[in-house]
Amino acid sequence: MEFTLLWAALTGVAGLWIGTRLWTESRDESPAESIFDSLLLAAGVGLVGGRVVAMLAQGLNPITNIGDLLIVRGGVSTVAATVFAVGALFLTSGRQMKVLDLAAPAVLLGLAGWHLGCLWRGACLGTASDLPWAWAEAGSSITRHPVEIYAAIGLALGAIVVSRLPPRIGLRSGTAFALASGIRLATEPFRLSVTGGPVWWYAAGVVLGLAWLVVAGVSNRHPT
Amino acid sequence: MKRLILVLALALSACSSPALVGQDLPDLPPITGQELDVMLQRSGNPSVVNVWASWCGPCRAEAPLLTAALAEYGDRVDFIGIDVQDSQADAKNFIASFELDFTHYFDRDRSVPEFYGGFGTPMTFFFDRTGTLVDTHLGVIDERSLALGIDEIVSR
């Protein structure tokens, strides 16, 4: 892993840490420390799972090329990483939805930190733009959308919104999932891409988050 | 759980590395940094020059992205591979394995990277249509950086 990527990852971890401190400390049943540990583990599982799936998709055998797992810059499948991370968090939390709800705003802030890490990676820019806040690469005259900053701001605002939602089972986690997918979907047109980006997966993520909210709403109305 | 792990391991093993299929390809022509520079100035097209080697793990990791980029931008940008410190046989197998269907040159002595500056393998150079070096990316290139580099040289 290159150091710039490591700095971006650390910015994401800082976001997670701040989020857990801000929004879970007051709840005795799940202390911030244990949630932060679970989130770190989930992020690690997501990263490895996403990298393995990306390697398989690229035709690289993860067993015979085990060292390539560390070449994160070679690609990580966003969808697989999300599935692995959410699954790991759910399992390590004792399959309790309320832990996912407690962690939800911190996850959004962590994702915001990861996107903000583009500043260390030199990878904030997207499509060309003449807007006053657009900026150019060093040595270039073409100003561009700072698309990763857009995503970071959207996710940070989303974290604040989610933290203020009432503590009903599934409400915060479902909203966070829909918001995270929606913000990626909304910023995708400003990104430059070789393969087109997983736009349909982001749209599916929004639908899944909304479905999650509907199911949670029904469960809250008819508690078992 | 053990059964699941066993099944997964077997499934992954089945995705074995591609067979050695490159021996039918012609030998890669040799090139020096100076010769490449003249060629780029005369080409009239923006160019992406990727420095790679068959023994380089990170090159393996970025190869599928280059194949995808060729499919997407091949009509607007020239892609050129520079194989360094390698053998012809290994180089040809690498090209065939990853279907890197663009022009490659053989540079045993690393003349090209030394001419343009930069260290390590892989690295990627972006040239505009006049052959001027616009950007250099050291190490594995990710999708965003590759797309940005290409957009810069195409837009100039």
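**Figure 1. Helix α4(B) and the residue that follows it.** Just after α4(B) in this predicted model, B:Glu99 adopts a positive phi of about 50°. The helix itself covers residues 88-97 of chain B, and its buried residues are B:Ala91, B:Lys92, B:Asn93, B:Phe94 and B:Ile95 (buried: 20 or more other C-beta atoms within 10 Å of the residue's own, with C-beta atoms placed from the backbone). These buried residues pack against β2 (78-84) and β3 (103-107) of chain B. Helices (H or I, at least four residues) and strands (E, at least two) are DSSP runs, numbered from the N terminus.

**Figure 2. Packing of α1(A) with α2(A).** Helix α1 (residues 3-23) and helix α2 (residues 32-57) of chain A pack at an angle of about 150°, with their axes 9 Å apart; axes are lines fitted to C-alpha atoms, for helices over the stretch in contact, and angles run from 0 to 180 degrees between N-to-C directions. The two helices are therefore roughly antiparallel (angles over 145 degrees). On the α1(A) side, A:Val13, A:Leu16, A:Trp17, A:Thr20 and A:Arg21 meet A:Ala32, A:Ile35, A:Phe36, A:Leu39 and A:Leu40 of α2(A). Eight of the residues in this contact are nonpolar, one is polar and one is charged (nonpolar: Ala, Val, Leu, Ile, Met, Phe, Trp, Tyr, Cys and Pro; charged: Asp, Glu, Lys and Arg; polar: the others, Gly among them).

**Figure 3. Surroundings of A:Ser77.** A:Ser77 lies in the loop between α2 and α3 (78-92) of chain A and counts as buried, with 22 C-beta neighbours inside 10 Å. Apart from neighbours within four places in sequence, A:Ser77 is in contact with A:Gly50, A:Val53, A:Ala54 and A:Ala57 (contact: C-beta atoms, placed from the backbone, within 7 Å). A:Met55 is 22 residues away along the chain, yet its C-alpha atom is separated from that of A:Ser77 by 8.8 Å.

**Figure 4. The side of chain B that touches chain A.** In this interface, 27 residues of chain B are in contact with 26 residues of chain A. Helices α1 (2-14), α3 (57-73) and α6 (143-155) of chain B each supply at least two residues of this side, and α3(B) gives the largest share, 10 residues. The model scores ipTM 0.80 and pTM 0.84.

**Note on the model.** Residues are numbered from 1 along each chain as its sequence is written, chains are lettered from A and ligands numbered from 1 in the order in which they are written.

Terms used
This is a predicted model: local features need pLDDT of at least 70, side-chain atom pairs count only at pLDDT 80 or more; totals for chains, interfaces and linings use all residues. Two residues are in contact if their C-beta atoms, placed from the backbone, lie within 7 Å. Angles under 35 degrees count as roughly parallel, over 145 as roughly antiparallel, 65 to 115 as roughly perpendicular and the rest as oblique. A residue is buried if 20 or more other C-beta atoms lie within 10 Å of its own, exposed if 12 or fewer, and partly exposed in between; C-beta atoms are placed from the backbone.
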